[in-house]
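Subject: A structure for you to explore

Hello,

Here is the structure I promised to pass on to you. Please open it beside this email and follow along as you read.

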Amino acid sequence: MPGLQPAQPGDFTKRAFQNGKLDLLQVEGLADLIHAETENQRKLAVRQLNGRLTKPFEQWRSQLVQMMAQVEAFIDFAESEDIEDSVPEQVRESVCDILRDMNKYMLDARAGERLREGIRVAILGQPNVGKSTLLNRLVQRPISIVSSLPGTTRDVIETRLDLHGYPIVILDTAGLRSNVQDVVEEEGVKRAVETANDADILVFLQDSLEERVNFETFGLENTGQVCLQLINKSDLLPPDTDFKDYLAISALNGQGMDAFLEALLKEVQNLCGTAVIDSPGLTRQRHRLHLQRAINHLEEYLSQEVVGADLVICAHQLRKAVREIGFVSGRVSSDQILDVIFADFCIGKKKKFKKKKKKKK
């Protein structure tokens, strides 16, 4: 029909936002719900869609707007008897209270972001310790080539897995060793180290028949990631062998895999458990960026007031903080930000998470 055209991805949701039916955080929650591949991702998205994440931002914005009104009134009518002299001190105390609340959200260790994007788990170890076999065992299909030749895996192989409702991104890396002569393998080792340094959890695999080594020997940085120490090929040793602080498994026949998955699940829950149990938390880097900027402006307000700066200059920091908070919920927006948000509704960009099959008892 003349004048009509097919709706583009996100068009109806964009109209809901423009007409005040949804704020920007709820729009992102709806997009995440469409893309959710695990149960906990779905729960996180539903809570954000229902306004759980909107509430603290709107509360902060409302309080800051009220403080701005008080400061502006004090500036314009300071000599009037209707304005108390204690207004600046009251505003200062309120700013300190808001800063405490904001900093609590910044200390969530990226729990919401990890749950939304997936916890990155890197499998590391020397050549031929069974890294690719372990990956294939986890995803229950031959995704990685298994060979007795050292250096078979040259690049990082990435796949996704649903672990009891938690999305994890498993990364199989090249074998770590020194004195590599092959240029291609050397690049593979370099990428393995970079992948490990960026991962949330390290799974360091060693051969039960080889001498134990420390993963930091290969240039890996200790950036505070969780490290699970595994001994593979445990089926080649006597059953009563004591592996001390290591988890003993056999990636080939599945021995010890239940204990390993239980330990992995525990660490995953620790990394993103707060986003599942409590409030949604910050689910995107955009939220964290604007919230940190708002915190910086409020801290600048306090520091300028201490040095005796003009109250008009101090009040400008409050306006900047309100603007940054508004960017999160969509009260203050730009076309560029909206285009990025609504582009996420494209169905072709969905991430696939393979469901972990439960073993029949």
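Which residue is the bridge partner of G125 in strand 4? The partner is L205. I will come back to that pair below, after a few words on how to read the model.

This is a predicted model, in which local features need pLDDT of at least 70, side-chain atom pairs count only at pLDDT 80 or more, and totals for chains, interfaces and linings use all residues. Residues are numbered from 1 along each chain as its sequence is written, and side-chain values use heavy atoms, with hydrogens and water left out.

**The chain as a whole**

The chain's secondary structure consists of twelve helices and seven strands. Helices (H or I, at least four residues) and strands (E, at least two) are DSSP runs, numbered from the N terminus. The chain has 361 residues, and 48% of them count as buried. Buried means under 20% relative accessible area, exposed means over 50%, and partly exposed lies in between (1.4 Å probe, protein chains only).

The accessible surface of the chain is about 19400 Å², and carbon and sulfur atoms account for 50% of that. Such areas come from the Shrake-Rupley method with a 1.4 Å probe, and for residues only the protein chains shown count as cover.

Now for contacts, meaning heavy atoms within 4.5 Å. Take those in the chain between residues at least 6 apart in sequence: 70% of them join residues at least 24 apart.

**The strands**

Start with strand 1 (residues 119–125), where six of the seven residues are buried, so the strand is largely enclosed by the rest of the structure. Two strands pair if DSSP finds at least two bridges between them. Strand 1 runs parallel to strand 3 (residues 166–172), with five bridges joining the two, and V121 stands opposite I170 there. Strand 1 is also parallel to strand 4 (residues 201–207), again through five bridges. This is where you find G125 with its partner L205.

From strand 4 you can move on to strand 5 (residues 226–232), which is parallel to it and joined by seven bridges. One of the pairs here is V203 with L228. Strand 5 in turn has two bridges to strand 6 (residues 247–248), also parallel, with L230 opposite L247. As you look at the side chains, keep in mind that in a regular strand they alternate between the two faces of the sheet.

**Helix 4 and the cores**

Helix 4 (residues 54–76) has 23 residues. From its first C-alpha to its last it reaches 33 Å, close to the 33 Å expected at 1.5 Å a residue; the expected span is 1.5 Å times one less than the number of residues. Its buried residues include W60, L64 and F74. Among the elements that cover the buried residues of helix 4 are helix 2 (24–35), helix 5 (87–106), helix 10 (285–306) and helix 11 (311–329).

Which residues touch the most other members of the largest nonpolar core? They are L64, L291 and L318, in a core of 32 residues. Helix 4, helix 5, helix 10 and helix 11 each supply at least two residues of this core. A nonpolar core is a set of buried Ala, Val, Leu, Ile, Met, Phe, Trp, Tyr and Cys residues joined through side-chain atoms within 4.5 Å. Leaving aside residues up to four places away in sequence, L64 touches I98, M102, L298, L318, A321, V322 and I325. A second, separate core has 30 residues, among them L44, L115, V121 and L264.

V65 is also in helix 4, but it counts as partly exposed, at 37% relative accessibility. The C-alpha atoms of V65 and V322 are 7.0 Å apart, although 257 residues separate the two along the chain.

Q140 lies in the loop between helix 7 (131–139) and strand 2 (157–163). Q140 is not a glycine, yet it has a positive phi of about 60°, and it is partly exposed at 38% relative accessibility. H164, in the loop between strand 2 and strand 3, has a positive phi of about 55° and is not a glycine either. H164 is exposed, with a relative accessible area of 55%.

Finally, the structure holds zero disulfides (pairs of cysteine sulfur atoms within 2.5 Å). C272 is buried at a relative accessible area of 0%, and C314 is buried at 0% as well.

Enjoy exploring!
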